[in-house]
Amino acid sequence: MSFSSREWHLVRPSVGEPQQSDFAFETVTVPDPGPGQIVVRNDYMSVDPYMRGRMNEGESYRAVRTGRGP
């Protein structure tokens, strides 16, 4: 019993102030979950300003995980 979902897609990273053309609103079909899987419905989503640096290609201010430590 598949159903549809509404999604915001990042078309291209914003330069300066984000523009409506930087995003696309799409309706997609969600496939039935497989064995051991579930479907989760999100009612709200937060897009915080710090995420902007993570949307760009290349280096980020995020620390690189080395596999050492927590």
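A salt bridge is taken here as a side-chain nitrogen of Lys or Arg within 4 Å of a carboxyl oxygen of Asp or Glu, and a search of the whole structure under that criterion finds two. The views show a predicted model, in which local features need pLDDT of at least 70 and side-chain atom pairs count only at pLDDT 80 or more, while totals for chains, interfaces and linings use all residues. Residues are numbered from 1 along each chain as its sequence is written, and side-chain values use heavy atoms, with hydrogens and water left out.

**View 1. Overall arrangement and confidence of the predicted protein.** The secondary structure comes to one helix and two strands, which follow the pattern β-β-α along the sequence; helices (H or I, at least four residues) and strands (E, at least two) are DSSP runs, numbered from the N terminus. The mean pLDDT, the predictor's confidence in each residue from 0 to 100, is 80 for the protein, and 74% of the residues reach 70 or more. Confidence is highest in S2, at a mean of 94, and lowest in helix H1 (residues 51-55), at 69. Of the 70 residues, 6% count as buried, where buried means under 20% relative accessible area, exposed over 50%, and partly exposed in between (1.4 Å probe, protein chains only).

**View 2. The salt bridge between arginine 12 and aspartate 22.** The side chains of these two residues meet at 3.4 Å, N to O. The pair links distant parts of the chain, 10 residues apart, with both arginine 12 and aspartate 22 placed in the loop between strand S1 (3-10) and strand S2 (23-30). Arginine 12 is partly exposed, at a relative accessible area of 39%, whereas aspartate 22 counts as buried because its relative accessibility is 5%.

**View 3. The salt bridge between arginine 41 and aspartate 43.** Here the side chains of arginine 41 and aspartate 43 meet at 3.0 Å, N to O, and both residues are exposed.

**View 4. The aromatic pair of tryptophan 8 and phenylalanine 25.** Rings of Phe, Tyr and Trp (its six-membered ring) pair if their centres lie within 6.5 Å, with planes under 30 degrees apart counted as stacked, over 60 as edge-to-face and the rest as tilted; by this rule the count comes to one aromatic pair. The ring centres of tryptophan 8 and phenylalanine 25 are 4.8 Å apart and their planes stand at 50 degrees, so the pair is tilted. Tryptophan 8 in strand S1 and phenylalanine 25 in strand S2 are 17 residues apart, and the pair thus links distant parts of the chain. Tryptophan 8 counts as exposed because its relative accessibility is 61%, while phenylalanine 25 is partly exposed at 46%.

**View 5. The loop position of serine 21.** Serine 21 is found in the loop between S1 and S2 and is partly exposed, with a relative accessible area of 46%. Leaving aside neighbours within four places in sequence, serine 21 is in contact with Val11 and Arg12, contact meaning heavy atoms within 4.5 Å. The C-alpha atoms of serine 21 and leucine 10, which lie 11 residues apart along the chain, are separated by 9.3 Å.
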